[in-house]
Amino acid sequence: MNAKWSPVRFNTYPENLAERIDELPAVDMFVTTADPVLEPPLVTVNTVLSLLAVDYPAAGDKLACYVSDDGCSPVTFYALREATGFRPHFGSANHKFLEDWTIMKSAYEKLVRRIEDADARSLLHHGGREFAEFLDIEHMNHPAIIKILWDNSKSRIGEELFPRLIYVSREKSPGYHHHYKAGAMNVLVRVSAVMTNAPIMVNVDCDMFVNNPKAFTHAMCLLLGFDDEMHSGFVQAPQRFYGGLNDNPFGNRIVPFKKFGVGIAGLQGCFYGGTGCFHRRKVIYGMAPDSIGTGRGVTTTGSQSYKELQNRYGTSKELIESAWNTISGNQSAKPVANSGTEVAKEVAACNYEDGTRWGQEVGWVYGSVAEDMLTGMRIHAAGWRSALMDTEPSAFLCCLPIGGPASLTQFKRWGTGLFEIIVSKNNPILAAMFRCLQFRQCLAYLMVCLWPVKALFEICYALLGPYCLLTNRSFLPKASEDGFSIPIALFSTHITYGFMEFMEYGLSARAWWNSYRMRRIATASAGLLAFFIVPLSTLGLSKIVFEVTRKDESTSDDDGGSTSNKADLGRFTFDDSPVFIPVTALGMLSIVAIAVGSWRQVSGSTKGGATGGGPGIGEFMSCAWLLLCLFPFVRGLVGKGSYGIPWGVKLKAGLLVAMFLHFSGRN
Ligand SMILES: O=c1ccn([C@@H]2O[C@H](COP(=O)(O)OP(=O)(O)O[C@H]3O[C@H](CO)[C@@H](O)[C@H](O)[C@H]3O)[C@@H](O)[C@H]2O)c(=O)[nH]1
Ligand SMILES: [Mn+2]
């Protein structure tokens with residue numbers, strides 16, 4: 001309620017920028033990809049092409065696109081290089097669009113075929129000099145590879161300028177933690193600092209393409225439009241998805257967050273969602289808003305402050321100069337190392353961050369696999385607000401994970417990451433007490449970050465029903481008692497409220513149900529696991545890794561998938577991941593409980609229950625409701641192939657159920 005109480009919407013009118021068109025700032029665009037198998041190079045190329053084609057004044061000069069490839073894949077590199085060949089079609093796309101449509105389409109189809117046919121081995125051996133650096137390397141142990149795929153100096157006179165495109169694969173070494181996406185983002189920030197140093201940066205995941213060609217100008221409205229910059233430390237576009245399945249079968253389209261998003265926009269501002277977000281470079285460099293206090297430690301010039309800058313940003317002369325230009329507001333200065341990649345490689349090295357503030361007060365913050373939440377919170381804690389940019393059509397679209405394993409792995413990562421924030425020194429309570437995080441914003445962060453803790457309570461509630469049926473007890477008033485109306489009223493208000501919210505957004509009842517039950521499933525599986533993993537990892541007993549979500553191209557509309565195919569895709573799938581154990585156990589348990597409870601009713605042995613305290617309609621209903629929510633798992637118990645729960649999981653779940661039966665039978 002705190003989060004939804006004061007909704008705010010920002011409307012943007014890019015046409016009002018027309019007079020200031022020459023003043024529009026340069027934008028560095030960042031794309032991250034990590035695994036050529038889970039994230040097909042074609043997906044990345046589509047994203048990059050959409051960024052390069054964005055409608056922005058003097059785009060060729062002001063935009064530069066940096067692609068970080070943590071997979072260090074020659075195929076990704078090849079795909080991007082081929083994509084630059086698509087360049088001539090861009091100029092024409094803007095002018096005589098229709099005539100050139102067919103030419104462009106066939107060029108694109110050729111590009112797709114080339115990328116799909118590419119294979120790493122033959123590229124390495126027959127691809128020429130450009131691939132030499134990829135030869136004989138391990139993807140977790142290699143020097144930095146940085147290649148300028150398109151540089152404006154290559155443009156011929158008279159040719160329309162085309163944004164720069166730079167391929168970055170940072171150095172990796174077994175001795176250094178690479179901090180997953182946050183680490184990749186920080187390298188991109190530094191590499192771009194010494195190459196183009198644009199005051200604004202936008203970052204997207206490799207599967208998130210630009211859907212509204214005017215997206216950047218809309219964002220500028222919010223970045224330039226406030227009297228005080230403080231109101232838009234960053235500008236976030238809400239996550240929207242393309243294609244996808246009907247009615248959100250895996251619940252990852254988190255609909256209640258629509259209202260939540262607009263709600264917190266009215267507090268200190270929307271959360272940073274990790275993708276589709278415009279950042280001010282100086283905010284990322286750890287600056288506080290001018291109206292709050294200048295420069296947080298880096299205000300003066302002279303040798304002393306040079307040392308300070310070095311301690312913060314590292315030893316590269318070029319980077320320090322560029323950072324100094326950024327924090328002192330000297331945007332007109334040209335980037336320092338415009339040519340060559342030597343300096344860029346220096347700042348992309350593993351050991352560059354040693355002894356600096358990168359990953360703490362500077363750049364994307366380390367210490368959570370939900371680096372987006374953590375980094376956004378650091379920015380809010382510095383006193384910035386953020387603005388939500390909701391354009392029509394949506395600025396960016398990304399793809400949704402499909403199937404049980406991919407969805408629950410994603411939920412598990414979020415849960416772990418969020419809980420990591422709570423147990424770290426960067427938690428929202430401390431930020432509200434000692435820094436500039438507002439109280440209500442802190443509550444909103446807590447509500448989200450405490451989700452794994454909520455899982456523990458939710459599991460206990462879920463177990464109450466089965467426990468009562470099994471042990472012939474009750475926890476709810478009997479239907480004949482007056483008190484019975486209280487749980488009924490609570491339950492139906494809760495359900496009706498959630499349902500109405502979906503109706504308000506014009507969604508189907510089915511979508512509501514899918515989302516509702518998927519939240520129960522995700523909490524009891526991914527949330528619960530996250531709750532246990534984080535303390536274990538703090539004790540050093542387990543290791544948290546960022547598991548990249550598989551990007552399925554088949555979710556796109558143009559696949560032409562038949563309806564039955566889509567229905568199949570919407571069916572829950574399983575694998576042998578431990579994330580499935582708790583819910584499988586819960587499903588089995590409720591079946592056993594209902595069986596035992598009904599048998600007792602039928603055989604009339606309830607009379608033996610302690611002073612008529614046996615289960616009533618309430619307990620049966622909660623068990624049945626639980627079973628209904630877990631229906632995909634009940635179906636999975638008997639399903640075949642990937643639609644069936646593997647025996648290993650069933651066995652472990654069975655063991656848990658047996659343990660529960662044993663202990664509940666004891667008293
Ligand atoms: O070591 C890594 C791991 C991941 N990534 C990139 O990080 C992005 C996000 O990963 P993905 O598996 O797609 O995660 P999602 O669950 O789809 O991402 C959501 O949640 C993440 C935090 O958990 C945020 O970083 C994302 O922006 C947000 O979209 C992708 O572009 C990856 O290529 C890297 O660059 N390096
Ligand atoms: Mn993603």
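Which residues are the closest to ligand 1? They are Asp-70, Glu-371, Arg-413, Thr-549 and Lys-551, and in total 26 residues surround the ligand. A residue belongs to these surroundings if one of its heavy atoms lies within 4 Å of the molecule.

Before going on, a word about the model and its conventions. This is a predicted model, in which local features need pLDDT of at least 70 and side-chain atom pairs count only at pLDDT 80 or more, while totals for chains, interfaces and linings use all residues. Residues are numbered from 1 along each chain as its sequence is written, chains are lettered from A and ligands numbered from 1 in the order in which they are written, and side-chain values use heavy atoms, with hydrogens and water left out.

**Around ligand 1**

The shell around ligand 1 is made up of 9 nonpolar, 9 polar and 8 charged residues. Here Ala, Val, Leu, Ile, Met, Phe, Trp, Tyr, Cys and Pro count as nonpolar, Asp, Glu, Lys and Arg as charged, and the others, Gly among them, as polar. The table gives polar contacts of the ligand, meaning pairs of N or O atoms within 3.5 Å; within protein, one must be able to donate a hydrogen and the other to accept it, and residues adjacent in sequence count only if both atoms are side-chain atoms.

| Residue | Protein atom | Distance to an oxygen atom of ligand 1 |
|---|---|---|
| Cys-206 | polar backbone atom | 3.4 Å |
| Gln-410 | polar side-chain atom | 2.7 Å |
| Arg-413 | polar side-chain atom | 2.7 Å |

On its own, ligand 1 has 680 Å² of accessible area, and the protein covers 96% of that. Such areas come from the Shrake-Rupley method with a 1.4 Å probe; for residues, only the protein chains shown count as cover. Strand E1 (27-33), helix H7 (180-195), helix H14 (371-381) and helix H15 (404-422) are the elements that give two or more residues to the shell. Helices (H or I, at least four residues) and strands (E, at least two) are DSSP runs, numbered from the N terminus.

Helix H7 also holds Val-187. Val-187 has a relative accessible area of 5% and is therefore buried, a term for values under 20%, with exposed meaning over 50% and partly exposed in between (1.4 Å probe, protein chains only).

The unreviewed UniProt entry places a "binding site" feature at Glu-39 and Asp-70. These two span 32 residues in sequence, yet no two of their C-alpha atoms are more than 11.2 Å apart, so they gather at one spot. Glu-39 sits in the loop between E1 and helix H1 (41-52), and with 5% relative accessibility Glu-39 is buried.

The unreviewed entry also lists residues 443-464, 521-546, 579-599, 620-638 and 644-663 as "transmembrane region". UniProt positions are in the numbering used here, feature names are shortened, and annotations may be inferred rather than shown by experiment. In the model, residues 443-464 are 95% helix and 0% strand, with end C-alpha atoms 29 Å apart. Residues 521-546 are 69% helix and 0% strand, and their end C-alpha atoms lie 21 Å apart.

**Cysteines**

How many disulfides does a search of the whole structure find? There are 0, where a disulfide is a pair of cysteine sulfur atoms within 2.5 Å. Cys-277 is in no disulfide, as the nearest cysteine sulfur, in Cys-270, is 7.3 Å away; Cys-277 is buried at 0% relative accessibility.

Cys-72 is buried, at 5% relative accessible area, and is found in the loop between strand E2 (63-69) and helix H3 (74-84).

**Backbone details**

Most residues other than glycine have a negative phi, and most peptide bonds are trans. Cys-72 has a positive phi, near 45 degrees. Ala-58 has a positive phi too, of about 50 degrees, and lies in the loop between H1 and helix H2 (59-62). A cis peptide bond, with omega about -5 degrees, joins Glu-392 and Pro-393; Pro-393 is in the loop between strand E9 (386-388) and strand E10 (396-397).

Another proline, Pro-615, is in the loop between helix H22 (581-603) and helix H23 (617-629). Pro-615 is buried at 8% relative accessibility. Although 148 residues separate Pro-615 from Tyr-467 in sequence, their C-alpha atoms are 9.8 Å apart in space.
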